[in-house]
Amino acid sequence: MKITVLQGAFLPVPPALGGACEKMWFLLGQKFAARGHQVAHVSRAWQGFPAQEHIQGVVHLRVRGYQTPTRLLWLKLLDAIYTWRAIRAIPPDTDVVVTNTFWAPLFIPLFRSAKVYVDVARMPKGQMRLYSRAARLRANSTPVLEAIRAELPIHRKSQASAIPNPLPYEPAHSVEWAGKQSMILFCGRLHPEKGLDLLAQTVNALPPGWVLTLVGPWKTSEGGGGATYVDHLRALFDPAKVRFEEPVYDIEKLNQFYQRAAIFVYPSVAEKGETFGLAPLEAMAWGAVPVVSSLSCFRDFIHDGDNGLFFDHRSPSAQNQLAQCVLRLVEDTDLRSRLAARALQVRHTHSATAIADSFLADFEKLLVAP
């Protein structure tokens with residue numbers, strides 16, 4: 001097959017500025033190429049990146065993009081301008097175009113005969129009904145799939161399907177259990193919707209030697225809650241039991257945190273914002289036991305009492321429930337070891353190779369369909 005991945009106007013590929021979708025498709029494209037397919041990847045031009053280059057069998061084609069604006073209307077306009085340019089870079093004989101941009105599913109059918117494969121990585125907001133000419137609307141989790149189908153008429157519901165996100169890296173070695181520290185880790189945006197306030201009781205009750213480490217952006221320009229929110233968190237936590245780290249975008253450096261962590265907490269309260277839960281998945285691949293809120297997206301790969309623990313973030317006793325889960329893992333090393341070993345299975349179920357094969361099978365299905 002001839003496959004093109006077309007990504008948005010605001011983040012470069014390789015993912016120098018982060019971006020879960022950029023990380024995922026950068027790796028999956030290489031897996032497609034390793035299977036013998038011809039792969040092109042269209043993305044934003046970036047300083048130091050050539051307009052065209054080959055990386056691991058993938059042809060990268062870059063066109064001028066933009067800095068992310070703060071106003072949504074302006075963002076949509078810039079994305080539309082970028083998409084017009086990017087479509088011209090798509091090889092004319094492409095069989096399948098994978099895209100996660102708003103405008104591409106509308107514009108591509110005007111200029112290319114390729115099957116349009118829409119990667120829906122967030123909760124849809126009514127736009128799914130616009131994509132009648134797309135061959136597939138792919139959801140990354142069960143709740144996203146349900147939300148997509150809720151926007152479609154009955155005759156189009158089969159247009160949607162679900163394939164989970166893969167790990168955005170291939171673990172270079174096995175877990176070094178002796179290297180685990182008395183560390184509870186959170187990786188993600190330091191923002192109120194991540195439920196970090198709920199960790200106050202947990203942190204302040206930790207036994208000596210245990211520390212919560214928070215890794216992620218806090219500036220509002222980077223999606224964080226800002227300096228005032230970080231000061232609020234500092235006031236909540238015992239300063240001897242918490243560490244604030246700057247955001248880490250390099251996967252290898254981020255993996256070093258996962259490798260050292262014994263427990264991973266992700267107490268998100270974003271009912272509409274969380275669609276998959278990549279950070280818990282990454283942590284599980286390094287044997288850090290996840291403790292997560294009861295958002296439905298986590299239930300696709302975390303099973304309470306089997307490879308992680310859940311607490312009910314909607315309950316009035318949410319803070320106490322979260323503390324009980326974490327302290328239970330801190331005190332019960334046998335339970336922690338058992339759950340950590342089970343969590344490691346995501347290395348197989350969510351490997352880039354396994355997920356790439358699922359995508360390729362879906363592409364083939366679309367190409368043989370009338």
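**Figure 1. A partly exposed loop residue, D300.** With a relative accessibility of 36%, D300 counts as partly exposed. Here, buried means under 20% relative accessible area, exposed means over 50%, and partly exposed lies in between (1.4 Å probe, protein chains only). D300 sits in the loop between β13 (289-293) and β14 (309-311). Helices (H or I, at least four residues) and strands (E, at least two) are DSSP runs, numbered from the N terminus. The C-alpha atom of D300 is separated by 25 Å from that of I154, and the two residues are 146 residues apart along the chain. Before you look further, please note that this is a predicted model, in which local features need pLDDT of at least 70, side-chain atom pairs count only at pLDDT 80 or more, and totals for chains, interfaces and linings use all residues. Residues are numbered from 1 along each chain as its sequence is written, and side-chain values use heavy atoms, with hydrogens and water left out.

**Figure 2. The salt bridge between K2 and D93.** A salt bridge is a side-chain nitrogen of Lys or Arg within 4 Å of a carboxyl oxygen of Asp or Glu, and by this rule the count comes to 10. In the one between K2 and D93, the closest N and O atoms are 2.5 Å apart. This pair links distant parts of the chain: K2 belongs to strand β1 (residues 2-6), while D93 is found in the loop between α2 (72-89) and β5 (96-99), 91 residues apart. How accessible is K2? Its relative accessibility is 27%, so K2 counts as partly exposed. D93 is partly exposed as well, with a relative accessible area of 43%.

**Figure 3. The salt bridge between E170 and K31.** The side chains of these two residues, E170 and K31, meet at 2.4 Å, N to O. Again distant parts of the chain are linked: E170 lies in the loop between β8 (160-162) and β9 (183-187), K31 lies in helix α1, and 139 residues separate them. Are the two partners buried or exposed, or in between? E170 is partly exposed at 48% relative accessibility, whereas K31 is buried at 16%.

**Figure 4. The salt bridge between R62 and E53.** In this pair, the closest N and O atoms of R62 and E53 are 2.9 Å apart. R62 has a relative accessibility of 8%, so R62 counts as buried. E53, at 23%, counts as partly exposed.

**Figure 5. Strand β6 and its two parallel partners.** Of the 6 residues in strand β6 (residues 115-120), 5 are buried, so the strand is mostly covered. Two strands pair if DSSP finds at least two bridges between them. β5 and β6 pair in the parallel sense over 4 bridges, and you can find V97 standing opposite V116 in β6. To get from β5 to β6, the chain crosses through helix α3 (residues 104-111), making a right-handed β-α-β crossover. A crossover is called right-handed if, with the strands pointing away from the viewer, the path from the first strand over the helix to the second runs clockwise. β6 also pairs with strand β7 (residues 136-139) in the parallel sense, over 4 bridges. There, V120 has A139 in β7 as its bridge partner.

**Figure 6. The enclosed strand β9.** Why is β9 largely enclosed by the rest of the structure? It is because 5 of the 5 residues of β9 are buried. Both faces are covered: M183, L185 and C187 are buried on one side, and I184 and F186 on the other. β9 pairs with strand β10 (residues 211-215) in the parallel sense over 5 bridges, and F186 stands opposite L214 in β10. β9 also runs parallel to strand β12 (residues 263-266), joined by 2 bridges, with L185 opposite F264 in β12.

**Figure 7. The second largest pocket.** About 260 Å³ of space lies in this pocket. Its lining includes P14, P15, K23, F26, Y169 and D250. The elements that give two or more residues to the lining are α1 (20-34) and α7 (251-260), and α1 gives the most, with 4 residues. By class, the lining has 8 nonpolar, 1 polar and 3 charged residues. Ala, Val, Leu, Ile, Met, Phe, Trp, Tyr, Cys and Pro count as nonpolar, Asp, Glu, Lys and Arg as charged, and the others, Gly among them, as polar. On a 1 Å grid over the protein atoms alone, a pocket is an open set of points with protein on both sides within 12 Å along at least five of seven lines, and lining residues have an atom within 4 Å of a point. Grid points are joined across faces, edges and corners, and the volume is the space filled by probe spheres (1.4 Å) set on the points.
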